[in-house]
Amino acid sequence: MSAGATGVGSLPGGDAREAAKTATGSFEDFPYLPELPARGPGADMIGRSIGLLVDMYGHVEPSGWRISDRPGRDTRRARSWLGEDLDALEEFTQGYTGKLKVQAVGPWTLAAALELHGGEAMLQDAGACRDLAGSLAEGLREHLADVRRRIPGADVVLQLDEPSLTAVLLGRVRSASGYRTYRAVDRQVVEGALRDLFAVHDGEVIVHSCAPEVPFGLLRRAGATGVSFDFSLLTEREDDAVGEAVEGGTKLFAGVVAGTDGPLSDPGGSVMGVRKLWRRLGLAPGTLAESVVVTPSCGLAGASPAYARAVQAHCARAARSLADNPE
């Protein structure tokens, strides 16, 4: 049984075919739909997800993405690039059967990033947050159906990127002026919105955050089947939550290799920390391979193309090392 490996989402450069070739070639058993933010606004993760929204639109202001009354150039561009990326992925997955991951930004990170007409984040308006989550759910339903039509053999895994989730829960998201922070959103409200959104997909749903203090317990209760995180930010304080998650069947997408250029250790060394965690938690080494998927620590948009390719190959080798030598 091989421990899996996959990418997080973004890659450097702007060539959709090259990116699809890399994502499918590096991870033959678990490819993903690449994102190429270097192309500009609309190819960034926020813009791409705004392009998925139904009856809700956005445009770019100097301060970031702002809500619009009608679809403009920025929304159209986001949709056009997503179409291009899907065409490329479809070309390189002819006849493919197996897991395939697609990514979108989750409702809370989107609410923290998307501005209302007045320039404040949507996060400060509970009604706007509900509308946003509903619009995103509709859009994801259509997007997932499109992916399944294009790649009928795929077992689609949905990844929701929520790097701002912890800041939303702890009241750390800064206002437009930067002088104050928005009030923390009630945990029950956050969990409920996520649970409703996860329900649009009847397959695996994982949540990715490369921020510290990932709320493992909340995500598990909301119904996430996996959590993707930067392994280097994990502290022993989170041991209990991680142990409970694993014992409850949650998969860990462990980001063990840096997302920006640097020296790569041997693949076995990259997953040493995962083995240590298993020992610390008193978990059976035999469960490692089915519980852990090896990934880079975050997206690779800031890496050089050569490093991005090397890291993905390295993750695949590290996953094999974990499966062959769980102890």
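Predicted model: local features only at pLDDT ≥ 70, side-chain atom pairs only at ≥ 80, totals over all residues.
Modeller: Let's begin with Thr-75, which lies in helix α3.

Colleague: Is Thr-75 buried or exposed?

Modeller: Thr-75 is buried, with a relative accessible area of 1%. That falls under the 20% cut-off, so Thr-75 counts as buried.

Colleague: What does its side chain reach?

Modeller: The side chain of Thr-75 reaches the backbone oxygen of Gly-58, at 2.8 Å.

Colleague: And which residues is Thr-75 in contact with, leaving aside neighbours within four places in sequence?

Modeller: Gly-51, Tyr-57 and Gly-58.

Colleague: Staying in α3, where is Asp-85, buried or exposed?

Modeller: Asp-85 also has its place in helix α3. Its relative accessibility is 3%, so Asp-85 counts as buried.

Colleague: What does Asp-85 touch, not counting residues up to four places away?

Modeller: Asp-85 touches Ala-16, Leu-33, Pro-34, Leu-36, Arg-39 and Arg-48.

Colleague: How far is the C-alpha of Asp-85 from that of Leu-100?

Modeller: The two C-alpha atoms are separated by 14 Å, and the residues are 15 apart along the chain.

Colleague: Left-handed or right-handed crossing?

Modeller: α1 passes α3 in a right-handed crossing.

Colleague: Which residues of α1 are buried?

Modeller: Ala-16, Ala-19, Ala-20, Thr-22, Ala-23, Thr-24 and Ser-26.

Colleague: What covers the buried residues of α1?

Modeller: The cover includes α3 and α13 (305-324).

Colleague: OK, α13. Why are α1 and α13 called roughly parallel?

Modeller: Their axes cross at roughly 20° and come within 9 Å. An angle under 35 degrees counts as roughly parallel, so α1 and α13 are roughly parallel to each other. α1 passes α13 in a right-handed crossing.

Colleague: Which residues meet there?

Modeller: Glu-18, Thr-22 and Ser-26 in α1 meet Arg-309, Gln-312 and Ala-316 in α13. By type, the contact of α1 with α13 has 1 nonpolar, 3 polar and 2 charged residues.

Colleague: What happens at the start of α1?

Modeller: Asp-15 has a side-chain oxygen that reaches to within 3.0 Å of the backbone nitrogen of Arg-17.

Colleague: New topic. Where is Ser-175 found?

Modeller: Ser-175 sits in the loop between α6 (165-170) and α7 (187-198).

Colleague: Buried or exposed, that Ser-175?

Modeller: Buried. The relative accessible area of Ser-175 is 6%.

Colleague: Which side chain does Ser-175 join in a polar contact?

Modeller: That of Ser-177, and the polar contact between the two side chains is 3.1 Å.

Colleague: And which residues is Ser-175 in contact with, leaving aside neighbours within four places in sequence?

Modeller: Ser-175 is in contact with Glu-120, Arg-180, Thr-181 and Tyr-182.

Note on methods: Residues numbered from 1 in each chain as written. Heavy atoms only, no water. Helix = DSSP H or I, 4+ residues; strand = E, 2+ residues; numbered from the N terminus. Buried < 20%, exposed > 50% of the residue type's maximum accessible area, 1.4 Å probe, protein only. Polar contact = N/O pair within 3.5 Å; in protein donor to acceptor, adjacent residues only side chain to side chain. Contact = heavy atoms within 4.5 Å. Left-handed = near helix turned anticlockwise from the far one by under 90°. Axes fitted to C-alpha atoms, helices over the stretch in contact; angles between N-to-C directions. Parallel < 35°, antiparallel > 145°, perpendicular 65-115°, else oblique. Nonpolar A, V, L, I, M, F, W, Y, C, P; charged D, E, K, R; others polar.
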